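Please examine the sequence and the model shown here.

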Amino acid sequence: MEKIKKVGVRLAGMVRSSMQLRMGLIFFALVLLVVIFAPSLAPFDPYDLGDDLLVPPGTNGHWLGTTNMGQDVLSMIIYGSRASLAIGIVSALISGVIGTLLGAFAGFYGGKVDKVVSEIINIFLMIPTFFLILIIVALFGSSMINVMLVIGLTSWPSNARMMRVQAMSIKERTFVKSAISMGETKRQVLFKYIIPNGLFPIIANTTMGVAKAILTEASLSFLGLGDPNVISWGQMIYEGKQYLATGWWMSTFAGLFIMLIVMIFYMIGDGLNFALNPKMKKI
Amino acid sequence: MKKYLLKRIVTAFGIVLFVILLNYVIIRLAPGDPVRIMAGFDNPSQELMDALTKKYGLDQPLYVQFWRYITTLFKGDMGDSYLYNQPVSSLIFERVGASLLLSGVSAVLAVLIGSTLGLYAGRHHGKALDRTFSGVAYMLNAMPSFWLGIMLILIFASTLKWLPTQGMVNIRKGYTGWAYVVDVLQHMVLPCATLVAVQIPTYFRITKSSVMQVMAEEFVTTFRVTGMSERKIFNKYVLKNALLPIVTVFGINLAYVISGSTLIEIVFSWPGVGVLMYRSISMRDYNLLMGVYLLISISVAFMMIVVDLIYAWLDPRIRYD
Amino acid sequence: MKILEIQDLCVTYIAGEKRIKAVDHVSFAIDEGDSLGIVGESGSGKSTMAMAMLRLLDPRYTEITGAANYRGENLLTVDPRRLSELRWKDIAVVFQKSMNSLSPVHRIGEQFEDIYRVHEPKASKKEIRERVEKLFAMVNLAPRVYNLYPHELSGGMLQRTSIALSLLFHPKILIMDEATTALDVVTQGQILSEIKKLEKSIAVTRMMITHDLSVVATSCQKIIVLYAGQLMEFGYVRDVLANPRHPYTEGLVRSFPSLHGKKEELLSIPGSLPDLSNPPQGCIFAPRCPYATDQCRAHRPEPRHIDDLHVAACWRVKGGIQDA
């Protein structure tokens with residue numbers, strides 16, 4: 001409890017110190033509201049195939065036009081926020097948890113464990129992750145769960161590398177040494193001191209990870225590897241591409257919203273980083 | 001130096017092996033019969049299945065199978081594509097050139113433009129132009145690259161009708177000589193612009209922060225206090241020091257030179273490896289897909305080593321042992 | 001003959017809405033051939049003072065008032081071209097982190113050449129090399145250092161390189177900013193004695209910025225004690241260290257056992273530097289001073305003369321000539 005409170009106090013301090021972080025969080029809250037209240041916000045049922053086929057924005061109450069199938073683009077975008085956000089957040093969380101645990105483990109225990117983990121991290125950083133994700137999704141199927149899992153399972157190395165460095169420096173600090181000499185077990189030290197104290201840069205990196213995962217999902221959808229049963233912004237761009245000449249609105253708006261949501265996460269991530277090292281700004 | 005080189009080559013080799021292993025594991029674990037995946041489609045004939053079983057030793061123990069798989073690969077045999085009815089390796093090599101041309105040119109333009117803007121912004125930090133550049137870079141960095149490509153098509157091709165949008169040459173005209181070159185260049189403008197635009201933010205940011213960091217270094221103060229002109233300090237000393245991170249990023253991008261343009265190739269139907277991959281995905285030609293993936297991974301591992309060597313040559317602080 | 005006269009120097013850092021007085025109304029003068037030690041804790045403004053004098057602080061974030069007269073020219077206002085001429089030819093610096101004081105990706109010789117050509121644009125490579133190798137010999141460096149990169153040298157060798165660099169044009173004033181702090185005791189001792197030897201062969205006025213009183217004690221004639229940007233005491237080293245008149249100096253001297261003779265008593269001064277963006281009224285040292293009175297807490301003491309040279313900014317100094 002005490003630990004959580006401390007982390008909370010520190011986060012509050014960060015929010016105060018960075019305007020960017022504040023703005024990012026406000027926008028994020030807005031997006032969350034859209035995600036939660038999608039059914040009441042959307043003017044139409046996004047799965048409903050209406051009679052207005054490919055009408056331009058502003059026709060018959062279709063603010064952003066309709067698709068070739070007669071679906072309302074605005075409603076699709078509102079519902080699509082769910083897929084983007086879910087995939088982004090879940091896969092970034094998977095990657096954050098794996099990265100934190102492996103990195104902390106390697107950095108704290110050192111020796112052979114560290115050597116093996118570092119080598120795995122290095123290899124992963126040198127292989128083209130996007131194509132690995134692509135291959136796996138192509139062969140294993142493109143359900144949303146698969147996409148989340150694969151992105152999460154392939155993007156942890158940057159988190160692990162960060163956490164490893166953190167753990168290596170934190171374990172030399174006095175409070176950790178005294179905890180060890182007071183007889184706390186290694187596992188207790190790892191979870192009580194090393195991870196909570198090294199977590200902040202990982203949180204910032206994971207926020208950036210959400211943005212990257214959203215972009216990855218969009219790219220997969222664009223390659224036809226999105227979940228066919230879910231409306232996603234990437235898929236909207238993919239489908240709109242064929243109707244570019246007659247229905248530019250299909251691709252354009254979906255892309256704009258991807259850009260916006262990615263920027264929100266960049267803002268939060270950059271803001272966190274800034275709050276962590278205000279020195280960067282001074283130079 | 002030799003030892004360093006050797007160590008890097010061993011690492012690259014290890015990564016290639018790892019990628020192959022990963023590839024193999026994916027094939028084995030994927031739902032469905034591996035013979036079907038290796039055949040490339042769902043209903044291979046009994047003869048083909050028997051041939052593949054024999055070729056890859058699929059009736060043998062796992063380690064024999066893996067060994068067969070590796071040795072076959074190292075012979076340059078990546079199997080056949082059922083879609084094109086050709087060996088995968090020759091299909092890929094036919095298309096590598098187009099990909100290299102597009103992403104090579106874009107990579108060079110991006111590093112030139114991005115780092116020039118970054119140099120300016122780092123030197124004039126906080127001024128109006130710096131803020132404008134930074135804002136634009138932020139937005140470009142958040143865009144899906146393929147969407148930007150689509151938007152460029154919408155503006156410059158569909159609406160303004162200035163440039164062609166599809167392919168690399170106008171086949172119907174059958175140009176030769178200079179006309180052919182001009183034709184290719186025209187077809188390249190939009191995909192190239194897209195690739196450059198999405199790569200600029202990385203160079204811009206890294207250059208800007210690198211310049212700012214170097215400018216805050218003690219040695220800049222030393223040179224200032226010797227009375228050296230700001231211009232000389234910047235052009236000679238800050239520049240070379242700030243260059244190193246740019247080289248790293250450029251190198252990493254070069255490593256992806258075959259694969260970095262995949263999505264953009266698809267948007268513009270540029271006849272490179274990307275389009276090949278796209279077709280293999282949509283037609284479920286797994287053999288072809290795996291081949292493209294292997295080739296990409298190997299080229300990335302290889303280029304990473306080249307980058308390391310260039311870096312070692314540029315930065316005297318890196319020790320070779 | 002006064003070579004440098006600092007008059008009422010104030011340096012304020014501006015960070016957003018905060019204004020931090022890093023150097024606060026400091027005045028002193030040194031004569032040609034002097035060696036002056038400037039001591040204080042980190043954050044006392046000693047480096048800032050030197051940086052301000054050399055106009056190395058970014059004018060966007062600092063505000064400087066007062067004067068720094070070098071042979072009748074105010075360094076703070078002299079036009080930039082003249083300043084460039086004076087830099088290195090007349091005033092040279094050896095920086096604290098010699099590790100970073102040269103570009104890591106250029107050879108040492110190349111950097112010396114470029115610096116030499118700032119003031120002697122027509123000098124030939126050979127001429128420069130000869131000059132530099134002579135300097136290298138003076139500071140006990142092998143000629144081959146010329147072709148090396150900074151990272152190939154040890155800390156002590158780098159420091160010697162920096163010293164050789166500073167002597168490139170026989171400067172009149174040499175500022176050494178914590179120049180020996182990062183070195184081990186043996187190397188530090190060697191370099192200090194080399195500097196003293198050098199001074200016998202070349203006429204130079206040396207300013208030594210350090211937090212290490214023993215460095216000042218062994219290598220300087222005069223001393224300035226700074227605290228929180230203000231001058232606490234100024235005088236001959238033998239007077240100030242043997243008979244400190246300011247309580248802060250007293251505390252400093254007592255916290256250095258080697259100077260005091262007795263090893264067992266290592267007294268540090270309780271408390272810490274005041275917040276310089278919001279300094280206390282009255283004497284800046286009063287919150288940490290064991291002798292502080294109500295007068296100290298209400299009014300800031302001006303520096304008072306004990307004799308012609310010796311000055312201390314403390315209300316307890318009585319009987320001397322009182323400066324206005």
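This is a predicted model: local features need pLDDT of at least 70, side-chain atom pairs count only at pLDDT 80 or more; totals for chains, interfaces and linings use all residues.

**A helix pair in chain B**

H8(B) and H10(B) cross with a right-handed sense. H8(B) has an axis that comes within 9 Å of the axis of H10(B), the latter helix covering residues 230-255, and the two cross at roughly 155°. An angle over 145 degrees counts as roughly antiparallel, and H8(B) and H10(B) are therefore roughly antiparallel to each other.

From H8(B), the contact draws on Gln199(B), Thr202(B), Tyr203(B), Ile206(B), Thr207(B), Ser210(B), Val211(B), Val214(B) and Met215(B). H10(B) contributes Val238(B), Asn241(B), Ala242(B), Pro245(B), Ile246(B), Val249(B) and Asn253(B). Sorted by class, the residues of this contact comprise 10 nonpolar and six polar, with no charged residue among them.

**Chain B as a whole**

The chain to which this pair belongs contains 13 helices and two strands. Its C-alpha trace spans about 80 × 55 × 40 Å along the principal axes. Of the 321 residues in chain B, 40% are buried. Among contacts in chain B with a separation of 6 or more, 70% join residues 24 or more positions apart.

**The interface with chain A**

Between the two chains, 35 residues of chain B are in contact with 31 residues of chain A. On the chain B side, the elements giving two or more residues are H1 (2-29), H6 (128-142), H7 (145-159), H8 (177-215), H12 (273-282) and H13 (286-314). In composition, the side of chain B that touches chain A has 30 nonpolar and five polar residues, and no charged ones.

**The nonpolar cores**

Which residues touch the most other members of the largest nonpolar core? In this core of 220 residues, they are Leu134(A), Ile214(A), Val262(A) and Leu289(B). The element that gives the most to the core is helix H12 of chain A, residues 249-276, with 15 residues.

Leaving aside neighbours within four places in sequence, Ile214(A) is in contact with Ser84(A), Ile87(A), Gly88(A), Ile258(A), Ile261(A) and Val262(A). Val262(A), one of these partners, is also named among the residues that touch the most other core members.

Definitions and conventions. Residues are numbered from 1 along each chain as its sequence is written. Chains are lettered from A and ligands numbered from 1 in the order in which they are written. Two residues are in contact if their C-beta atoms, placed from the backbone, lie within 7 Å. Helices (H or I, at least four residues) and strands (E, at least two) are DSSP runs, numbered from the N terminus. Ala, Val, Leu, Ile, Met, Phe, Trp, Tyr, Cys and Pro count as nonpolar, Asp, Glu, Lys and Arg as charged, and the others, Gly among them, as polar. A nonpolar core is a set of buried Ala, Val, Leu, Ile, Met, Phe, Trp, Tyr and Cys residues joined through C-beta atoms within 7 Å. A residue is buried if 20 or more other C-beta atoms lie within 10 Å of its own, exposed if 12 or fewer, and partly exposed in between; C-beta atoms are placed from the backbone. Axes are lines fitted to C-alpha atoms, for helices over the stretch in contact, and angles run from 0 to 180 degrees between N-to-C directions. Angles under 35 degrees count as roughly parallel, over 145 as roughly antiparallel, 65 to 115 as roughly perpendicular and the rest as oblique. A crossing is left-handed if the near helix is turned anticlockwise from the far one by less than a right angle, and right-handed if clockwise.
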